[in-house]
Amino acid sequence: MSIEVSENRTGGALVLSPIGRLDSANAHSFETTVMGHVGSGERRIVIDFGQLNFISSSGLRILLIVAKALRTDGGKLVLCSMKDHIREVFDISGFGQIIPIEDSLEGALGTV
C-alpha cells in the first residue's frame, strides 16, 4: 500500500506533504519516496504535516532514518504544520528534541 505525497520545490527546499495516514501499511512506500530524494542529492527537505491525520511508530522511525541520512550528508530535515494530536505524539516521544518542528511552512523554510 502506498501513501499519497505531494511534492513542491519552494525556496530551494523540497517540500513533501503526506496525505492521510502514515502507518505500518504504507511506511515503506513513504520511506522509498523520501530516501529516493535523499539519494538523488536533496539536502534541504521540509515535510508538511498539514494534511496528515495520523502517524504511527513506523512513521516516526522513517523520519529518524531520513533525518540521520540528511545530517550525515550535511543536509537538514524540518517538519511543520502539525495538527495538535500529531504534535502531541512528537512531544511525548521526544522526537521534537531530535527533529526541528515549526508551526508553519514559512517557518520551516526559514530554518531548513
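Residues are numbered from 1 along each chain as its sequence is written. In this predicted model, local features need pLDDT of at least 70 and side-chain atom pairs count only at pLDDT 80 or more, while totals for chains, interfaces and linings use all residues; side-chain values use heavy atoms, with hydrogens and water left out.

A salt bridge is defined here as a side-chain nitrogen of Lys or Arg within 4 Å of a carboxyl oxygen of Asp or Glu. The count by this rule is 5 salt bridges, including the pairs tabulated below.

| Salt bridge | N to O distance |
|---|---|
| R9 and E42 | 2.2 Å |
| D23 and R21 | 3.2 Å |
| R87 and D91 | 3.1 Å |

The side chains of R9 and E42 meet at 2.2 Å, N to O. R9 belongs to strand 1 (residues 4–10), and E42 to the loop between helix 1 (27–39) and strand 3 (44–48), so this pair ties together parts that are 33 residues apart in sequence. Helices (H or I, at least four residues) and strands (E, at least two) are DSSP runs, numbered from the N terminus.

Accessibility is classed as buried (under 20% relative accessible area), exposed (over 50%) or partly exposed (in between), with a 1.4 Å probe and protein chains only. E42 is buried, at 14% relative accessibility.

R87 and D91 are 4 residues apart in helix 3 (residues 84–93), a separation of about one helical turn. R87 is partly exposed, with a relative accessible area of 27%, and D91 is partly exposed, with 47%.
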